[in-house]
Amino acid sequence: MNDTRTPDVQGANVQKKKNSMVQRIITGLILVTALALFLWLGGWYFAAALCLCTVVALQEELAALTAGGHHPVRWTSYAGLIISAPLMMFYPSLTIAPVILLLGLCVLLQVMRRKEPELLDVLVSVMPMITVVLPAMCLMNVLDTQPHSLQLTLLIMVFGIAVGGDTFAYFVGSAVGGPKLCPSISPNKTIAGSLGGLAGSVLVAFAIGRIAAAAAPDAVMHTPVWGDLLVGLIGGCAAQIGDLFASMVKRHCKVKDFGTIFPGHGGMMDRLDSIFFTAIVVYCYRLILLA
């Protein structure tokens with residue numbers, strides 16, 4: 001079929017795509033710079049920034065679910081953040097299960113007491129606690145890691161595995177093309193891009209671990225090579241699943257993006273979806289290392 005668009009329209013579309021890409025790159029550079037700053041500051045500075053970002057992401061996800069016609073219980077997710085923020089800094093490994101369990105029971109009680117209780121409202125109320133609050137608790141748990149060099153290595157892995165995998169997936173998918181991964185959820189993602197993303201996540205995790213070992217050779221503990229490769233693979237899978245899950249939620253709720261806070265990138269949840277899922281994997285890696 002011939003393209004009936006005029007040259008002016010075609011040129012405008014090309015220019016629009018270029019402007020969008022420039023906007024995405026500039027926003028991305030700003031985000032990376034901010035991340036590097038808070039990773040360097042660490043401690044309560046990183047925890048405060050994490051809590052702020054998590055609150056925004058939580059609000060965006062709850063707003064999307066509400067726009068999709070659901071009636072989630074909101075206060076339990078916010079309570080989870082308020083309760084866990086200080087507890088995770090002092091009693092990390094003992095906090096996650098009790099807090100999630102207690103708040104889950106509160107969700108059940110509140111929904112069942114409604115005039116017309118709906119099982120789906122229970123599910124959409126618990127979902128933000130699992131996809132947003134739980135990963136944030138895992139990240140705060142990593143802040144309790146000693147020595148500091150290992151803490152920094154694990155934190156960088158969380159972001160590196162997710163962002164590195166996404167970058168590799170984009171370039172490999174664009175270059176190779178081929179069969180779609182989940183066309184009904186994300187039409188642009190390909191199997192080739194997914195495999196390229198996994199390879200990128202593994203390479204990034206391996207590089208982070210080896211650079212950390214070379215930069216601090218006298219440190220008490222370093223991540224093992226086999227562990228870096230394994231956490232890169234599993235974390236890469238989790239990152240892609242998180243990204244696809246966020247796309248499924250947006251498609252279900254009929255919203256393009258979770259928000260508009262980042263020009264060219266959407267909302268906070270659009271940036272953190274894969275990172276949140278990766279955080280849970282790296283948290284489990286931390287537990288294995290320090291067992």
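Which element gives the most to the lining of the largest cavity? The answer is α8, with four residues. This is a predicted model of a protein with nine helices and two strands. Buried residues make up 45% of its 291 residues.

**Overall layout**

- From the N terminus on, the order of elements is α-α-α-α-α-α-β-β-α-α-α.
- Among contacts between residues at least 6 apart in sequence, 72% join residues at least 24 apart.

**Nonpolar core**

- In soluble globular proteins, nonpolar side chains tend to be buried together.
- Here the largest nonpolar core has 62 residues.
- The residues with the most contacts inside this core are Phe46, Ala57, Ile96, Leu154, Leu155, Val158 and Val231.
- Two or more residues of this core come from each of α2 (43-67), α3 (75-90), α4 (96-112), α5 (119-142), α6 (148-176), α7 (191-215), α8 and α9.
- α5 provides the largest share of this core, 13 residues.
- Phe46, one of the residues with the most contacts inside the core, touches Phe38, Leu39, Leu143, Leu155 and Phe159, leaving aside its neighbours within four places in sequence.

**Largest cavity**

- Rolling a probe the size of a water molecule over the atoms shows where empty space is left.
- One cavity of 30 Å³ or more is found in a search of the whole structure.
- The largest cavity holds about 40 Å³ of space.
- Its lining consists of Glu61, Gly242, Phe245, Ala246, Val249, Phe258, Met269, Asp273 and Phe277.
- By class, the lining of the largest cavity has six nonpolar, one polar and two charged residues.

**Second largest pocket**

- The volume of the second largest pocket is about 160 Å³.
- Leu65, His70, Leu120, Leu123, Val124, Met127, Phe245, Met248, Val249 and His252 line this pocket.
- At least two of its lining residues come from α5, and at least two come from α8.
- Its lining has eight nonpolar, two polar and no charged residues.
- Phe245 and Val249 are found in the lining of this pocket and also in that of the largest cavity.

**Strand pair**

- Strand β1 (residues 180-182) and strand β2 (residues 186-190) run antiparallel and are joined by two bridges.
- The two strands form a hairpin, with three residues between them.
- Cys182 stands opposite Ser186 in β2.

**Backbone details**

- Most residues other than glycine have a negative phi, and most peptide bonds are trans.
- The peptide bond between Gln146 and Pro147 is cis, with omega about 5°.
- Pro147 is located in the loop between α5 and α6.
- Lys254 is a residue other than glycine with a positive phi, near 60°.
- The loop between α8 and α9 contains Lys254.
- Lys254 counts as exposed because its relative accessible area is 74%, and exposed means over 50%.

Methods: Residues are numbered from 1 along each chain as its sequence is written. This is a predicted model: local features need pLDDT of at least 70, side-chain atom pairs count only at pLDDT 80 or more; totals for chains, interfaces and linings use all residues. Side-chain values use heavy atoms; hydrogens and water are left out. Two strands pair if DSSP finds at least two bridges between them. On a 1 Å grid over the protein atoms alone, a cavity is a set of points where a 1.4 Å probe fits but cannot get out, and a pocket is an open set with protein on both sides within 12 Å along at least five of seven lines; lining residues have an atom within 4 Å of a point. Grid points are joined across faces, edges and corners, and a volume is the space filled by probe spheres set on the points. Ala, Val, Leu, Ile, Met, Phe, Trp, Tyr, Cys and Pro count as nonpolar, Asp, Glu, Lys and Arg as charged, and the others, Gly among them, as polar. A nonpolar core is a set of buried Ala, Val, Leu, Ile, Met, Phe, Trp, Tyr and Cys residues joined through side-chain atoms within 4.5 Å. Buried means under 20% relative accessible area, exposed over 50%, partly exposed in between (1.4 Å probe, protein chains only). Contact means heavy atoms within 4.5 Å.
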